[in-house]
Amino acid sequence: MLLRAARVARALGGRAFLQRVRAAGTVPPPLQLPDAYSFPDPVEVDSLDLRVGMMVHVFYVDLIDELVNYLSRIPTPFVLMVSVTDASAWARVHARFSTLSNVHALHIRIVPNRGRDIAPLLVTFRDEILALEVVGHIHTKKSLYTGNEQASWRRHLLDILLGSAERIGHHLGLMQADPNIGILYPESFRGVPGWAHTWLSNLEVCRELGGRLGIAIEANRYIDFPAGSMFWARVDALRPLYELALRIEDFPPECGQTDGTLQHAVERLLVAVVRQHGRVSVVAAGDGGLTTEGQHNWPMGLETPLALRLRIAAIDAVQISSDVFDTLVTRPFLTPLGARAFLAHRASAQFGVRDFAHLRERAEAKARALAGRDPTLDMIYVVMDSIPDASNLPLEALKKLELELEATHIRTRRSVVDALVSVSLKRPIMALSDMYLSQSTQQTLLPTAVTAIIGRWQVSCDSGIRKDDDLLWATLPADNSVLPAHWLHIGDNEHSDIQLPQRHHLATPVHVPRPAALLDLHPHLRPLRPLRFDQASWADQLWLGLLANHAAEVFDRDPASWLPYPTLSPRQTGYIVLGPLVLDYLAWLSRVANSRSIKSLLFLSREGHLLFQAFTRLQHASPSLACLRGHYLPASRRASGTASLHGADDLPRLLRGNYNGTLGELLRARLGEPATNAIEATIGSQRLASMIYLPEMRQVALEWIAPAMTELLAVAKSERDAYQEYWLQACGDVPSMVADLGYSGSTQASLARMLERDLDGGYFALSARAKEGLEGQWAEARHHDGRDGTKDVDSLILGYDLLLESLLTAPHPQFSHFSKDEGRIEAHYAAPELKAAQWELIEQVHVGVLEFIDDACAAVGYDVAVLEFDSTLVQRPLHCIASGRWRAPWLDTLGIEDAFTGRGWVAAR
């Protein structure tokens, strides 16, 4: 290394060498995913300057000594506020808590037994807390969700919040160091099931409270909240709750409720309130680790293949029932709202109906109100006819369209159906479905593989009773002469399929997470989430839904491969990482081409090998693309560069960029073997052995090559003539656009110069260098264009260019040039770079890409041409696999031969 550095220094001179060293030492800023957060160093305890208080609700007086032990560890003066339920407790609390040395004010109040620990926090000590900056909140918790006493849960929470003076000092110091932190609470106790991190029975009361707070509730999302309601919080972050001016009377009298009360709603909304105004929630783990989002005990129930979980759960089952949608079947969209948005898109395109999604929602709500139950689809469309905005609409045609799309979109969740088949011998499956599609309609629409395993049906729009109604679970087993403990239900809805059957003492249900939930549950899939599921476009809901369905199949059958990190096979990498990116690019490219009246799309080798195959699939799905003709064009910087040499003035363009190596190696990489041989015959082999470093020595290289310019131009003309003849035969003389990854546009510029005509270019990304390289040519980029001043270092496509090139490459070697032999055009290629085993991996990647595109085309048909994904979101899978957040060990065997810059073989990542 030292010898090489000395040689470079001698060749470049001191100043240029130092510039190179500085440039090489420049590290681009790390790209952060949405869930990344940089915590500052906490302020030392001695420097704490916060008005701190601790609010304690004491219901179980036998835990007073335990609380005193924890509170004695607080290393800074604080206000202590204690709520108790009777005079006896008041006396015991006063006697023990008065001994705490760091308490500079003690307030003890007797409160009614309603609202549990939340009412004293928001009502009883409202004024005292609003005078503070940071408040802690703890209580004498004894019960877990199941109702059993669990001292371990309480101690888990208290240990994380108050486990030692050092830990408390760290928490408070962090909150002082970062004013953006609004709440800090413990990671969920291991006994809290993953599915409990949802709204459960609290949905309606949370909607009402959220409406008052201005917080939108997404019903089917997993949420962050301090399970057990113990935390440290910045008072200003909780101020919206105090501005509600709640009264003790607003909380229900205590009667052992496990869910669905105002206090449960406040607990679940605490983090949402904090985040509402841009503050950060901090989740503290037992090992001291900090994150901004909880883990939700996410592996619970996912670590075992579904078939095994179901087999164990069904041992004593006499009757098995199953949810239908998202359990036995899936749709390609992330949420039902995505499917409804696509329906509205089709209604607008086919019938000119504006805002059909809203109209359809109004009609369903009105039909439900009139019927006092879930309406059928027929009832919804009858009611729609009575809505003024729907007058003169082709309602029968719209209903037919909706049913046609349902039939197109419904797919068997094969893993679940297979698992049920394996355990359902002599156990008829009962379908329980909360749906507007009646039993007869479902039997018509659902795949045969699903209807074949169902013996009986209970559909809410037929029966008038829903799964989220306690009455169903209270009466269902007895109505079917089955003991509750022998009735096994499976489903995806955490409230109606899991919580309620469990509440009514049925056999422990089998939770089959709906595909969309996996984007919330798995920490390493969370980067794929849009900001709001319910506000994502139908196009984004499509690709995210397809990826979520793919992930669900993995977790149903082989969860170990994605625990704790997703470990992607080549095929999965193609489907999940490249499929959406390629589809988005091709749809965009087609729109750009049509807008510019382009007739021919030129997919440049080698990445174009896959892009061309994918484009033909889009054409088959969408007749609007028939006007475009795609070509897989043999091309390379070397081939087009040499053929573009009309004179000496063209040569500097081919020597742009970086290069380290000998002059001979440079010439072979940039101009090819025939040109190098011609130059060597004139200037000699000794000169070709001289070292060259670009860009610093570009002028030197030009001077060394100058004596052989006549010979070089002769080779260039020969290759140009052959290339032009191939071009006319394959592409013709029509407006054409180059399609490629990018990055400087040099191949487009060289092709245009070779043909002496203008060419358009459509790229994944263009670097700032393209401003010079594409001068005089039109080009646009889908994801990044450094010509507009944006930093190249911020582009994921440019940052992971080698990985993309490695995965998108073709089975043949790099194209070298065309030649003519007795009037026949012959293509020449460089030496093979990939071994058979490497190509087999890449081929599987390509299979996955094309499978994804086939699935998308099957879902939306001709509308595939109008797809437009969120540019930032669709690049995140690439970042996840390239950064190592998703694992793919086989990638370590891949790379590319980078002769253009003299680096040789370069690993894909």
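Predicted model: local features only at pLDDT ≥ 70, side-chain atom pairs only at ≥ 80, totals over all residues.

Reply: Residues are numbered from 1 along each chain as its sequence is written, and side-chain values use heavy atoms, with hydrogens and water left out.

Me: How many helices and strands does the chain have?
Reply: Helices (H or I, at least four residues) and strands (E, at least two) are taken as DSSP runs and numbered from the N terminus. The C-alpha atoms of the chain fill a box of roughly 105 × 70 × 55 Å along the principal axes. Counted in this way, the chain has 40 helices and 26 strands.

Me: What percentage of the residues in the chain is buried?
Reply: A residue is called buried under 20% relative accessible area, exposed over 50% and partly exposed in between, with a 1.4 Å probe and protein chains only. Of the 909 residues in the chain, the buried share is 56%.

Me: What share of the contacts with a separation of 6 or more joins residues 24 or more positions apart?
Reply: Contact here means heavy atoms within 4.5 Å. Among the contacts in the chain with a separation of 6 or more, residues 24 or more positions apart account for 76%.

Me: Which helix gives the most residues to the lining of the largest cavity?
Reply: A cavity is a set of points on a 1 Å grid over the protein atoms alone where a 1.4 Å probe fits but cannot get out, and lining residues have an atom within 4 Å of a point; grid points are joined across faces, edges and corners, and a volume is the space filled by probe spheres set on the points. The structure holds two cavities of 30 Å³ or more, and the largest has a volume of about 40 Å³. Its lining consists of Leu302, Arg309, Arg413, Pro513, Leu518, Ala552, Phe555 and Asp556. Three lining residues come from the helix that gives the most, H24 (residues 538–557).

Me: Is Ser83 buried or exposed?
Reply: Ser83 lies in strand S2 (residues 78–84), and its C-alpha atom is 6.0 Å from that of Val58, 25 residues apart along the chain. Beyond residues up to four places away in sequence, Ser83 touches Met55, Val56, His57, Val58, Arg109, Val111, Pro120 and Phe125. Because its relative accessible area is 0%, Ser83 is buried.

Me: What is the relative accessibility of Pro813?
Reply: Pro813 is found in the loop between helix H37 (801–808) and strand S23 (815–821). Leaving aside neighbours within four places in sequence, its contacts are Arg606, Tyr829, Ala830, Ala831 and Pro832, and the C-alpha atoms of Pro813 and Arg606, 207 residues apart along the chain, are separated by 8.3 Å. Pro813 counts as buried because its relative accessibility is 17%.

Me: What is omega for the cis peptide bond that joins Gly742 and Tyr743?
Reply: Most residues other than glycine have a negative phi, and most peptide bonds are trans. A cis peptide bond also joins Leu563 and Pro564, with omega about -5°, and Pro564 is found in the loop between H24 and helix H25 (570–595). Tyr743 has its place in the loop between strand S20 (736–740) and helix H34 (746–755). For the cis bond joining Gly742 and Tyr743, omega is about 25°.

Me: Is Glu756 buried or exposed?
Reply: Glu756, in the loop between H34 and strand S21 (760–766), has a phi near 55°, a positive value in a residue other than glycine. Because its relative accessible area is 58%, Glu756 is exposed.

Me: What is the relative accessible area of Asp326?
Reply: Asp326 has its place in the loop between strand S9 (319–322) and strand S10 (329–330). Although Asp326 is not a glycine, its phi is positive, about 75°. Asp326 is partly exposed because its relative accessible area is 25%.

Technical notes:
1 Å grid on protein atoms, 1.4 Å probe; cavity = no way out; pocket = protein on both sides within 12 Å on 5 of 7 lines; lining within 4 Å.
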